[in-house]
Every structure is written in C-alpha cells, then in structure tokens.
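Subject: Structure for you to look at

Hello,

Here is the structure I said I would pass on. Please open it beside this email and follow along; my notes come after it.

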Amino acid sequence: MAHTRQSKQIQRDRRKKRPRNDAAVRRTLRREVPSTVGLLADEQDFTAMRRYRTFTFDDHTRYLQQIDALLKSLASRQLHTTVALFDPEDFTEFCAEAGLDPDAAASRSRFTAEITGRGASVPYTGQHLDSLVPQLINKAVRQATWEYATMLLADLGECADCGQDIGRAAFDRASRILMRLLEEAGPGTHHLVCSVQAPDEQLLAVLHAEGAPAQLDASEGTEFVTVLAAGIALESPGGAVLRTSAPGAPDHLHGWRLHQGRLLPLTAGEVFSAYCTDAVTGEPISPEPGVEYCAGFDITTDDPENHH
C-alpha cells in the first residue's frame, strides 16, 4: 500500500510539473521563431488599406503608435523582428495571383511573411519609428533603383559587331572603376555618390567604405556598380563624388563627370563650384568648414580595347 501511495504521488507531481515545463519549452521555442511586421509607412498607403472591412484601424498616427508598442513587446521577449514595407498595390497583386481574399487578416499575414524576400525590410533593434521609417523608405528606394538599373542593362542585349553582352561588359567595367577609386582613395572613411540620368528618372547610388583595402557592404557595392554601369552603357550624363575622412585631417572631396561612358576628373575649381553653388537659384553657398575641394584623379583600368 505504501508503494502504491508513493507511485500515485509521483504521478501527481509529474502532472503538476508538466504544464510548467511545457510552457517553458514553448517559450524557448518561441524565441527561436523570427517575427515579421508589415508597416504602412505613409498616410496614402494607410488610406488605401482602409477600404478593407477587416482592416480595423482608422487613424494612421494611432496605428503607428500601436506598431511601436508591438515592436517593443516583441523585443522585450527577445524575439528577432524584421520590419517590412507593406505596399497596398503589391498586396492586391499578390492576392490576385495567389487566389486569396484581400479582405482577410490571413491574407495580410501571408503577404507580410513573404515580403521580406521580395521587398524592403530592416531588422528592428529598438530604434524609434522616427528613425526606422526613413531607414525602410531609403531601403525601398535603393532597391527600386537597383531593379530599374538592372533592367536597363539587361535590355541592351548584345553588341551587333562583337556579340558581347553590353550590360555585362558595362557592369564589369564599372566594377573595375570602383576598385580603382577605392584603391586611390587610400586609408580613411569613404563616402561615394554616383548620379546618372536614365531615360525615365535620375538614378542615385550611395556607398560607404572603410580603410585600405576598403571594406564595404556588398549590397551597397552592387547597387553603386549597377547605377554606374547603366550610365556607362547608355553613355548618359552623370557624375561621381568621393568624400574621404580621416582623423586629424580635413575631409577631401573629389569629383568626376560621366561623359560618353567614361569618368573624367573635375578640376578643384569645378568641385568647389558644384558644392558651393545653390542648384536651384545659382547663388553661391559658403564652403563647408574642414573640407578641402580637390580635383578628381585619373582612373585607369585594365579595360579591353573593345569596351562598351
């Protein structure tokens, strides 16, 4: 009898402990599951979603406050969270292609789960929405620019004379130019901007690099090279600017203009004029303190003679 009572007591103790243990396991597993939050960043996109009955928010400011609270809650539970830009037009197309009802929370959830692989997204690290929203929009603009420049290069096809892929050749040449720019820039922190006039819009790419040899973000490098390659292949007007910062020294600004597919160095006076003239009014602007306006340097690359 004593043995039976002891056995029953052990079983009761196990039953009491199991829910707590199971709950602890589920909490541990939950921390291993990433979260994605779809964000309607501006009032126009928010208004577009209000046509759906199941989208219950009616005030964008209040909506953003709730998103901020949700992100903080997820972070407090040590969950890795990604914030993705929710585009109503893309959502409508997604639902039509997948045969989903757009006026359903499950459809919005499924779209949100998939946009991290196809749209702009940034990791949530505790930043305020005032910082996160511009990050997200900047990422979306960069991605759209890269996609458009890539499309331009792909549409050029092959050279009628030699059969070489024009877009591929321009991309390779732009890659070599970027490498030479960073090599010549030397040590320091580098900020590169490339601007190209494309058929439908102005393309802009920005790149940051550190040290010598330069360390840079791979996606930024690809975007910069793609925009520069589009300007080279199309022989579009444009230019590039390099700003190098180093401790204990003034920043150095160098500039080039894109002419007939080549980057040609600007003089120090031309660089000064470009930075110290208001682009709208043409009025002079005071030089920036701690900055030296320098001529661009020659960029030589091992390009084949028959480049495009």
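Helix 5 supplies 5 residues to the lining of the largest pocket, the most of any element. Please keep in mind that this is a predicted model. Strand 1 (35–39) and helix 3 (60–76) each give at least two residues to that lining as well. The pocket holds about 460 Å³ of space. It is lined by 19 residues, and Val-37, Gly-38, Ile-67, Arg-108 and Thr-112 are the closest to its centre.

In soluble globular proteins, nonpolar side chains tend to be buried together. The largest nonpolar core here has 36 residues, and those touching the most other members are Leu-192, Leu-203, Phe-224, Leu-228, Trp-256 and Leu-263. Elements that give two or more residues to this core include helix 7 (166–185), helix 8 (218–234) and strand 4 (189–197). Leaving aside residues up to four places away in sequence, Phe-224 touches Leu-178, Leu-192, Val-193, Cys-194, Ala-205 and Leu-207.

Last, helix 7. At its start, a side-chain oxygen of Asp-165 comes to within 3.1 Å of the backbone nitrogen of Gly-167. The buried residues of helix 7 include Ile-166, Arg-173, Leu-178 and Ala-185.

Regards

Methods: Residues numbered from 1 in each chain as written. Predicted model: local features only at pLDDT ≥ 70, side-chain atom pairs only at ≥ 80, totals over all residues. Heavy atoms only, no water. Core = buried A, V, L, I, M, F, W, Y, C linked by side-chain atoms within 4.5 Å. Buried < 20%, exposed > 50% of the residue type's maximum accessible area, 1.4 Å probe, protein only. Helix = DSSP H or I, 4+ residues; strand = E, 2+ residues; numbered from the N terminus. Contact = heavy atoms within 4.5 Å. Polar contact = N/O pair within 3.5 Å; in protein donor to acceptor, adjacent residues only side chain to side chain. 1 Å grid on protein atoms, 1.4 Å probe; cavity = no way out; pocket = protein on both sides within 12 Å on 5 of 7 lines; lining within 4 Å. Points joined across faces, edges and corners; volume = space filled by probe spheres on them.
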